Amino acid sequence: MAEMGSKGVTAGKIASNVQKKLTRAQEKVLQKLGKADETKDEQFEQCVQNFNKQLTEGTRLQKDLRTYLASVKAMHEASKKLSECLQEVYEPEWPGRDEANKIAENNDLLWMDYHQKLVDQALLTMDTYLGQFPDIKSRIAKRGRKLVDYDSARHHYESLQTAKKKDEAKIAKAEEELIKAQKVFEEMNVDLQEELPSLWNSRVGFYVNTFQSIAGLEENFHKEMSKLNQNLNDVLVSLEKQHGSNTFTVKAQPSDSAPEKGNKSPSPPPDGSPAATPEIRVNHEPEPASGASPGATIPKSPSQSSLPAVVVETFSATVNGAVEGSAGTGRLDLPPGFMFKVQAQHDYTATDTDELQLKAGDVVLVIPFQNPEEQDEGWLMGVKESDWNQHKELEKCRGVFPENFTERVQ
């Protein structure tokens, strides 16, 4: 029996909710047709407009902040790889090797600390700030429904009072329902009338604190990074001095694919002097006075230099290949407006419905924005090559993605 009673209460509640929805729908229709007046509160409506604007601005700030953090992380990875390269080429017997390695470690730690502090002092604060909006938005919507209930109860009570045949019992019940509906509405209305202006005014302090935190963290980061860069510069200057010479000679070497002797001879130099393997000298000393022997000879172009023929041919092939390769951008199997290809270097998790979800290695076909004014700095429009090959439909597949997560491949 208890179970049946419970089901009965549930069924009754469902029926009551359905009746409320029908009553509200009827009231809204009458108001739209001008057959029933609607309670208006222009001051509250202005508060709601401010609330929506504040939510839009906060959401954009959160998105841009996440993009900024992603860029910091990508820059950290690039800086780390550069430091690793220096450590690999730094010979064990060279002076300053230990100092260079220590600088690389400190560089890595500084980037990590900077990123983490941005998360703690900016992103988490941003998330907390935006976390209060969903509840208030829900209460604004509920207040709107309770206002319709109040107007409906008021109109019902007024119609019973003006009826030719008055039913005092119905009038008393309608008055009771009106008082109840008015009380529920006013309680919600009073709370929101206090909270919305307070929330609107809080945005100033929030924006100030957020951007002050970012600016302060970035300033400290660059100060510490400047010290590390100066230390690294000192180590390299010391290496240069102890190496004993500021002049480094680089001789061109024939490639593995060079033709065998007798198959093709190098073109003779323009001045008729004997062909020889050119020597390129890079001298850090000042240029010699007029009449002195030059320390560096740099050919103006492959055709005017004394470079071996294989070098000239390689140069020509590269140029021609680049030109020929650019002609393939109009193929029919590519999306309309295709500009170039990029490949994701890092995973990217989409934070909005208009963004592409990327995995490292994904190839994306970049296309122009339909409305160029919608393009944010640092973002591209494209479609993943795998999706395009499968669907051939831009509307289903295209989306935006951060350019700094990718590298151009074509």
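Is K384 buried or exposed? The model in which this is judged is a predicted one. Residues count as buried when their relative accessible area is under 20%. K384 has a relative accessibility of 16% and therefore counts as buried. This lysine belongs to strand β5, which comprises residues 379-384.

Helix α2, residues 42-89, packs with helix α3, residues 97-131, at an angle of about 170°. The axes of α2 and α3 lie 10 Å apart. Angles over 145 degrees count as roughly antiparallel, and α2 and α3 are therefore described in that way. The residues that form the contact of α2 with α3 comprise 18 nonpolar, 11 polar and 6 charged ones.

Helix α3 also packs with helix α5, which spans residues 168-243. Here the angle is about 175°, and the axes are 10 Å apart. It follows that α3 and α5 are likewise roughly antiparallel to each other, because their angle is over 145 degrees. In the contact of α3 with α5, 17 residues are nonpolar, 7 are polar and 5 are charged.

The cysteines may be considered next. A disulfide is a covalent bond between the sulfur atoms of two cysteines. With a limit of 2.5 Å between cysteine sulfur atoms, the count of disulfides in the model is 0. C85 has a relative accessibility of 41% and therefore counts as partly exposed, whereas C397, at 7%, counts as buried.

Finally, the protein may be viewed as a whole. The elements discussed above belong to a set of 8 helices and 7 strands. Of the 410 residues in the protein, 28% are buried; K384 and C397 are among them. The accessible surface comes to about 27700 Å², and carbon and sulfur atoms account for 53% of that area. When contacts between residues at least 6 apart in sequence are considered, 72% of them join residues at least 24 apart.

Conventions:
Residues numbered from 1 in each chain as written. Predicted model: local features only at pLDDT ≥ 70, side-chain atom pairs only at ≥ 80, totals over all residues. Heavy atoms only, no water. Helix = DSSP H or I, 4+ residues; strand = E, 2+ residues; numbered from the N terminus. Buried < 20%, exposed > 50% of the residue type's maximum accessible area, 1.4 Å probe, protein only. Contact = heavy atoms within 4.5 Å. Areas by Shrake-Rupley, 256 points an atom, 1.4 Å probe, with all protein chains shown as cover. Axes fitted to C-alpha atoms, helices over the stretch in contact; angles between N-to-C directions. Parallel < 35°, antiparallel > 145°, perpendicular 65-115°, else oblique. Nonpolar A, V, L, I, M, F, W, Y, C, P; charged D, E, K, R; others polar.
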